[in-house]
Amino acid sequence: MKTFNVNIVTPDGPVVDTNVELLSAKAQSGELGIMAGHVPLVAPLQIGAVRLVLGDKKSELVAVSGGFLEVRSDQVTILAQAAEKAENIDIARAKEAKMRAERFLQDKQDQVDLKRAELALRRATNRLNVYEGKL
């Protein structure tokens, strides 16, 4: 199967630079599946997992906290505020972030902080799911 290059970049630097057969991600408009030769596209991403199919039935998951995906003929670039490969996720930190967000949501203080807590909970849950291999 034909491959293409994928770069996942954050403000802290590159997270992924590899060749893949297939990439799947959750855009604001729905689930995207990208293969070599896909039409050019730019799409905003949701907080979610990016699956990279490397071939030989091997795949990797990367947790992304939103961002943008750009598709060119032989290249996909994801610009994200934060991204972590499953094996690099600090599970204790992710669990603590989830518990902290859940506690804050139970207190239900002002609306601005409530929205921030909801987003923090989604990011922490996403990181835990990617670590556990769940989509």
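1. Ground rules. Numbering runs from 1 along each chain as its sequence is written, and side-chain values use heavy atoms, with hydrogens and water left out. Since this is a predicted model, local features need pLDDT of at least 70 and side-chain atom pairs count only at pLDDT 80 or more, while totals for chains, interfaces and linings use all residues.

2. The largest pocket comes to about 350 Å³. Of its 18 lining residues, A97, R100, R116, A120 and R123 sit closest to the centre. (A pocket here is an open set of points on a 1 Å grid over the protein atoms alone, where a 1.4 Å probe fits, with protein on both sides within 12 Å along at least five of seven lines; lining residues have an atom within 4 Å of a point. The volume is the space filled by probe spheres set on the points, which are joined across faces, edges and corners.)

3. Who lines it. Helix 2 gives the most, with 7 residues. Strand 6 (58–72), strand 8 (83–85), helix 1 (91–107) and helix 2 (111–131) each supply at least two. (Helices are DSSP runs of H or I, at least four residues; strands are E, at least two; both are numbered from the N terminus.)

4. S24. This residue belongs to strand 3 (residues 22–27) and counts as buried because its relative accessibility is 15%, with buried meaning under 20% (1.4 Å probe, protein chains only).

Notes. Buried means under 20% relative accessible area, exposed over 50%, partly exposed in between (1.4 Å probe, protein chains only).
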